[in-house]
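Please work through the following exercises with the structure at hand. Each task is followed by a solution in steps.

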Amino acid sequence: MKWVTRSGPHVDRSACAWLLVRFIDPEAEFLFVEDPDEIPKDATPFDMRGAELSHHGGECSFEAFLRRYELDDPALWSIARIVHNADLEDERYDAPEAPGLDVLMRGLAMVRPDQDVLALSGPLYDGLYEYLSRASELGREPS
Amino acid sequence: MTGVGTWVLLAYRLPREPSTPRIALWRNLRRLGAAQLLDGLVALPADSRTREQLEWLADSVLESGGEAILWMGQPGTAAQERGIVEKMRGAVAAEYARLIEEATASSSQPAGSRKRTLARLRRELRQIRRRDYFSAPQAGPASAAVEALAASVANVAA
């Protein structure tokens, strides 16, 4: 399927793209646009104004994906809390990883084109997911 | 400052009731440090982050049954812009001043509560810096006051 989002992906959009490929649509193809008017008809928008898979009720797009696809993996919800705090900056959750991840993703988007940002951040989210999965199983931080 | 910059403006109207969306919007605008130009009109210096944040707020107003339009614009004169900038800088300066006061006052607290205060003040400093769009001169002293408190906590631990 084709998925479309805004150009210059930071933490929410890159995390959503990772989630899509790994848990929802392994064949996902990503397009980037500057304006909602440029969305192709055959593509599903996310993290864009007016889209279903976007910010709603004070939640970020990553949270919208988890709800829409009924993903209840605790490690994914841990990532959701980090992405939420990084993206909305409202300190709603205790997620000390958020400011660091936010800076890394903003910086990456400064030096690499959109597609590269997704390719490079994917393994980072794989690692974050693995770490948080182990933490969830152990009930404490893994070594 | 010479010339005027581009600002992102949010014009909005929310129903008086329920009050929850109004309070949520007010909190978000406060967190962003937006300048309230008129009732229902706020502004921030435009960059990709401020624009995105106001776009999400515009959507949340629409979802709550209100009206919202986002504009990009420039103040008509440099003097008008200066007026807005000075007001925003003043608001942030007051926040820094309160933080310095708290950091200084807490130096007489017991070590444990000093450490907790330090964690809170660091978080608050980070939040204030994020909405300090025009580099208020009190940023340096505020940071120094918090770091002085950090040093006093470290000395106790050592």
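**Exercise 1.** Determine whether the end-to-end distance of helix α5 of chain A in this predicted model agrees with its number of residues.

*Solution.* Helix α5 of chain A covers residues 114-138, which is 25 residues. The expected span is 1.5 Å times one less than the number of residues. This rule therefore gives 36 Å, and the end C-alpha atoms are 36 Å apart, so the two values agree.

**Exercise 2.** Describe the course of α5(A) and the packing of its buried residues.

*Solution.* Begin with the axis: a kink of about 30 degrees is located at Ser121(A), shortly before Pro123(A). Next, list the buried residues: Val117(A), Leu118(A), Ser121(A), Tyr125(A), Leu128(A) and Leu132(A). Finally, just after the helix, Gly139(A) adopts a positive phi of about 75 degrees.

**Exercise 3.** Asp47(A) and Glu70(A) have a positive phi without being glycines. Is each one buried or exposed?

*Solution.* Asp47(A), with phi of about 50 degrees, lies in the loop between β3 (43-45) and α2 (61-68) of chain A. A residue is buried at 20 or more C-beta neighbours within 10 Å and exposed at 12 or fewer. Asp47(A) has 28 such neighbours and therefore counts as buried. Glu70(A), also with phi of about 50 degrees, belongs to the loop between α2 and α3 of chain A. Because Glu70(A) has 6 neighbours, it counts as exposed.

Definitions and conventions. Residues numbered from 1 in each chain as written. Chains lettered and ligands numbered in written order. Predicted model: local features only at pLDDT ≥ 70, side-chain atom pairs only at ≥ 80, totals over all residues. Helix = DSSP H or I, 4+ residues; strand = E, 2+ residues; numbered from the N terminus. Bend = angle between axes of the 7 residues up to and from the residue. Contact = placed C-beta atoms within 7 Å.
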